[in-house]
Amino acid sequence: MITHDIIIIGGGLAGLRAALEAHNRGTDVAVISKVHPIRSHSVAAQGGVNASLVHDDSWEAHALDTVRGSDYLADQDAVEVLCREAPERVLEMEHWGTLFSRTRDGHIAQRPFGGAGFPRTCYAGDRTGHNLLHTLHEQVLRARIKIYREWLVTRLVVDGGRCTGFIAMHTPDSKLEAFRAKATVLATGGYGRIYQRSTNAIINRGYGISLAYHAGVPLQDMEFVQFHPTTLLGTNILITEGARGEGGYLYNNRHERFMEKYATGMMELAPRDIVARSIQTEVDEGRGFDGGYVQLDITHLGEKKIEERLGGIRQISIDFAGIDPVKEPIPVQPGQHYSMGGVSCDANGATPLEGLYAAGECACISVHGANRLGGNSLLETIVFGKRAGEHAAGYVQETDVQGENTHLDSLASEEQNISDLMGGDGESFAVVRDELRSVMQQDVGVFRNQAGLQNAVETIRELREKGRNVRVKSGATLFNFELLNAIELKGMLELGQVIAKGALAREESRGAHYRTDFLERDDEHWLRHTLAYQTPEGPRLEYKEVTITQFQPKRREY
């Protein structure tokens, strides 16, 4: 059995920031990660991180943009924390070594992003997440924080109403081990790979979220799924919002800048949910190009500016589409990108389960509400990663380590579960997974309606039954990825069911949740958060009020 005061599950930005804060406060902290930390999906974030750094801007203006962008579902006290602490966290990253792009007078450069009334998105070319992640990884290495690489956490251990650690599998040899901790922090990212078309890495299957769900923690607002407007046709690799922030245009097959019809004031820089629906509408009504896409044109920016500010996008377009955006437009379509929902927790990362914290995309605090603004996700990781590490450190100083018996019992039980998956005739994980992805893409996508959502709920219920019969054909112990996929499939199916059932119940359109049979936002009945609790029969839904402080809900227009 391995023991630490605090163990962070996840090696991305939120996890590393939490680990660094816990270490700086004198605790014995470790990080456990499914992949090497610099392969975490944080590395793929491109466009930038928001902060009100200049005198003309303010944290209050940032907060208003965030709340309005959320379609007024964000908890405004949490948004105030996010926006007030943003400048300090961004400058801290700069001082630790992040190489932000610069203005001519040496200040951190900031670009316009969708839904923002001010250019407050700090960027490092179009590789901002890459730069931030490497900076934090360097700081964690400098602090000599222990990192357990290539471990899949399979179960949280709960003893006496407290989370006291977890069971994890070592990928290189498939051996299970019990980890004991006074506090555990989930920082496991999103679940994009339950959809057919996603910008997310293959590792993003949402299993960390399902760990909390299994342990009795409610999942919040899971029906709110962000579809990024511009992903590369064919691969769905992210094409940063920064391309539009730098002045890119969206064209349909008539060479019309069609965003003028949908958001006259902000055009291509309207919030993501609006731009994604606009593109999908153009395609569905026959004004897209064959193959279901529109064009993102940045050719007028010129090679120098493209290479300087969007060099990564140029390279991606050349490598994966054979297109040089200096010379021709990029074919783009909406793709699943981000989860506004996640593990229910407060602004300190504390979940309803004592000893368990959450931060980053796997958490729902809620600062994004029904729609996240670009540039706020990277900010969330460093603001709330820091706060989760800080408060977990305070908690463990007053907490004893629990006994070993519960961990040993959980280890034995998990060993039996793994054994039951191995060998014999049964369903293929890949068949069940692909059916799940298909129904999520078709019925729980950009546009939703009752018939489609009911079909999704029923189909996923049937897939969960099939999932119980999944068996692993490979008997390998070394890097048995078939086994890892089979383990994570159960969590994917559960998250799909929670998303679909929450979307079916919410009879309104708000932010990224757009019902063609309920076209208007309904504050009277639905200005509230969804909470999903696990039961043997499937998710049980409850609701709680949204926290409103400064900004009363208004009609969202751009």
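Buried means under 20% relative accessible area, exposed means over 50%, and partly exposed lies in between, with a 1.4 Å probe and protein chains only. By that rule Cys 163 is buried, at 0%.

This is a predicted model: local features need pLDDT of at least 70, side-chain atom pairs count only at pLDDT 80 or more, and totals for chains, interfaces and linings use all residues. Numbering runs from 1 along each chain as its sequence is written, and side-chain values use heavy atoms, without hydrogens and water.

Helices (H or I, at least four residues) and strands (E, at least two) are DSSP runs, numbered from the N terminus. Cys 163 sits in strand β8, residues 162-170. Contact means heavy atoms within 4.5 Å. Beyond its neighbours within four places in sequence, Cys 163 contacts several residues, among them Leu 156, Ala 181, Thr 184 and Leu 356. Gln 333 is 170 residues from Cys 163 along the chain, and their C-alpha atoms are separated by 42 Å.

Glu 488 belongs to helix α15, residues 481-505. Its side chain makes a polar contact with the side chain of Lys 34 at 2.7 Å. A polar contact is a pair of N or O atoms within 3.5 Å; within protein, one must be able to donate a hydrogen and the other to accept it, and residues adjacent in sequence count only if both atoms are side-chain atoms. Not counting residues up to four places away in sequence, Glu 488 touches Lys 34, Leu 152, Arg 205 and Tyr 207.

Leu 478 lies in the loop between α14 (450-467) and α15. Gly 26 is in the loop between α1 (13-24) and β2 (29-33). Gly 26 and Leu 64 are 38 residues apart in sequence, and 37 Å apart in space from C-alpha to C-alpha.

| Residue | Relative accessible area | Class |
|---|---|---|
| Cys 163 | 0% | buried |
| Glu 488 | 2% | buried |
| Leu 478 | 61% | exposed |
| Gly 26 | 66% | exposed |

Now the sheet. Three strands form an open sheet in the order β3-β5-β4, with antiparallel pairing. Its edge strands are β3 (49-50) and β4 (110-111), each pairing on one side only. Two strands pair if DSSP finds at least two bridges between them. Strand β5 (residues 121-122) pairs with β4 in the antiparallel sense over two bridges. Arg 111 stands opposite Thr 121 in β5.
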